[in-house]
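Have the structure open as you read.

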Amino acid sequence: MESGENSFMSNSLELISQKCQDLGIKIFSIKEEPDSLVFGLDLWAKPGAKVEKLLLGPSGEIILYIKEKPIAGAANKGFTKKLAKKFGVPASNVEMIGGGKSKFKRFAIRLTFTNHKDINYYLEKMDKVFSK
């Protein structure tokens, strides 16, 4: 990786960290990889809801209400798909890393940088979803 690319990635890491802090989202283990950033977040799962919505909890966790019920992994797939949509990434860039059978889950989100999706794309997406 050339020094210009390294500077861009470090700046992106700082910008995402600052945006999450500003919005009140608690993230953990943020790291840079070639052409992407990966960070973890906590989710308080609310399956079987009549109305789908996303809120921020008091400790910075995301509270996500979805219609899918926790039967045969349908809710976990639903949470993955909803998080992907909210962050503007494909579902393959969202991985559950803990809490498969719990209401408290941990996810890793991969933000991949392309010609069409730069750091500003992700920052704007987060502003739209999480700003009140």
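## Charges over rings

Arginine 106 holds its charged end over the ring of phenylalanine 28, 3.8 Å from the ring's centre. To count as sitting over a ring, NZ of Lys or CZ of Arg has to be within 6 Å of the ring centre and within 35 degrees of the ring normal. Lysine 53 does this too: its charged end sits over the ring of tyrosine 65, 4.9 Å from the centre.

A word on the ground rules: this is a predicted model, so local features need pLDDT of at least 70 and side-chain atom pairs count only at pLDDT 80 or more, while totals for chains, interfaces and linings use all residues. Residues are numbered from 1 along each chain as its sequence is written, and side-chain values use heavy atoms, with hydrogens and water left out.

## Aromatic pairs

How many aromatic pairs are there? The count is five, taking rings of Phe, Tyr and Trp (its six-membered ring) with centres within 6.5 Å; planes under 30 degrees apart are stacked, over 60 edge-to-face, and the rest tilted. One of them joins phenylalanine 39 and phenylalanine 87, edge-to-face at 5.9 Å centre to centre with 65 degrees between the planes. Phenylalanine 39 is in strand β2 (residues 36–46) and phenylalanine 87 in helix α2, so the pair ties together parts 48 residues apart in sequence. (Helices are DSSP runs of H or I, at least four residues, and strands runs of E, at least two, numbered from the N terminus.)

Phenylalanine 39 is buried at 1% relative accessibility, and phenylalanine 87 is buried at 1% as well; buried means under 20% relative accessible area, exposed over 50%, partly exposed in between, with a 1.4 Å probe and protein chains only. Phenylalanine 113 and tyrosine 122 make another edge-to-face pair, 5.9 Å centre to centre with 80 degrees between the planes. Phenylalanine 113 is buried at 11%, and tyrosine 122 at 2%. Phe39, Phe87 and Phe130 form one aromatic cluster.

## A buried lysine

Is lysine 19 buried or exposed? Its relative accessibility is 16%, so lysine 19 counts as buried. This residue belongs to helix α1 (residues 3–23). Leaving out residues up to four places away in sequence, lysine 19 touches Leu123, Met126 and Asp127, where contact means heavy atoms within 4.5 Å.
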